[in-house]
Amino acid sequence: MATKEYLNHLGWTLRDVSTQNVGYDLEGTDPQGQPVRIEVKKVDRPDARFAMTNNEMSLMLTQPSGYLLAIVVGDGRHAQLLLRDPSQTDLPKKRVCRRWDWEFTDWSRFARVAGGA
């Protein structure tokens, strides 16, 4: 994860916990030694929207101290990393309802090759 390496290069001490479903992607300490949890989001441009899961939002709202959003804007060498404290009330956010989708799992077991026997 490039965000972790970049921040660690700047004096942070972070480890990737994104696969543990804890509500954030990185945890560790900032350069002053303060505990921190960071949720990383990537957007293509500064005015792009991004979403957070209920798990991420719940943690951010119930345990805001030391929780940061790391927003990666752009790609490659022209990317910028913006850090934001999401508990600040001036950060615009709204709850939206997304539609349910159907997801097909294990479908290949039941498929047959077109034109085959």
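Leaving aside its neighbours within four places in sequence, which residues is E27 in contact with? The first close-up takes that up. This is a predicted model, where local features need pLDDT of at least 70, side-chain atom pairs count only at pLDDT 80 or more, and totals for chains, interfaces and linings use all residues. Residues are numbered from 1 along each chain as its sequence is written, and side-chain values use heavy atoms, with hydrogens and water left out.

View 1. E27 sits in β2; strands (E, at least two residues) and helices (H or I, at least four) are DSSP runs, numbered from the N terminus. Its partners, with those sequence neighbours set aside, are T13, L14, R15, V17, V36 and R37 (contact means heavy atoms within 4.5 Å). E27 counts as buried because its relative accessibility is 19%; buried is under 20% relative accessible area, exposed over 50%, partly exposed in between, with a 1.4 Å probe and protein chains only. The E27 side chain makes a polar contact with the R15 side chain at 2.3 Å, and another of 2.9 Å links the side chains of E27 and Y24. A polar contact here is a pair of N or O atoms within 3.5 Å; within protein, one must be able to donate a hydrogen and the other to accept it, and residues adjacent in sequence count only if both atoms are side-chain atoms.

**View 2. The two sides of helix α1.** In α1 (residues 2-9), T3, K4 and L7 are the buried residues. Looking down the axis, they fall within an arc of 100°, so they line one face of the helix (the arc is that of the directions from the helix axis to the C-beta atoms). A2 and H9, on the other side, are exposed. The buried set packs against β1 (13-16), β2 (26-29), β3 (35-43), β4 (67-73) and β5 (80-84). After the helix comes G11, with a positive phi near 105°.

**View 3. Who lines the largest pocket.** Its lining has 26 residues, with F50, A51, M52, K93 and K94 nearest the centre. A pocket is an open set of points on a 1 Å grid over the protein atoms alone, with protein on both sides within 12 Å along at least five of seven lines; a 1.4 Å probe fits at the points, and lining residues have an atom within 4 Å of a point. Helix α2 gives the most to this lining, with 5 residues.
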